[in-house]
Amino acid sequence: MLGSLGGSPSYLEDDRLPVCPSCTGTMEFAAHLEEGMTRETAMNLGGQLGYVFVCRPCRKGAFLTD
């Protein structure tokens, strides 16, 4: 698996940022995941990128693909 932690989501439009189901605030970007190039690093994202978001106060998370 390849990717990065923190920063800002690459290739994801602002209008797709998830909202916390508990407090309705915009969730914070946590990680960006990519499919690996070898069998050892492969992850089945269907050729897409994966994005992990969190709402720290509510302890909720969300996962999007793009």
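Predicted model: local features only at pLDDT ≥ 70, side-chain atom pairs only at ≥ 80, totals over all residues.
Strand β3 (50-55) pairs with two other strands. With β2 (28-34), β3 forms an antiparallel pairing over five bridges, in which L33 lies opposite G50 of β3. The pairing of β3 with β4 (residues 60-65) is likewise antiparallel and extends over six bridges; here V54 has G61 of β4 as its bridge partner. The hairpin made by β3 and β4 has four residues between the strands, and R59 adopts a positive phi near 60 degrees in this hairpin.

The largest nonpolar core comprises eight residues, namely C20, M27, F29, L49, Y51, F53, C55 and L64. Strand β3 supplies the largest share of this core, with three residues. In a regular strand, side chains alternate between the two faces of the sheet. M27, one of the core residues, makes contacts beyond its neighbours within four places in sequence: the partners are P18, V19 and C20, then F53, V54 and C55, and finally K60, G61 and A62.

The loop between β2 and β3 contains G47. G47 is classed as exposed because its relative accessibility is 65%, above the 50% cut-off for that class. The C-alpha atoms of G47 and T65 are 9.5 Å apart in space, while the two residues are separated by 18 residues in sequence.

How values were computed. Residues numbered from 1 in each chain as written. Heavy atoms only, no water. Buried < 20%, exposed > 50% of the residue type's maximum accessible area, 1.4 Å probe, protein only. Core = buried A, V, L, I, M, F, W, Y, C linked by side-chain atoms within 4.5 Å. Contact = heavy atoms within 4.5 Å. Pairing = 2+ DSSP bridges.
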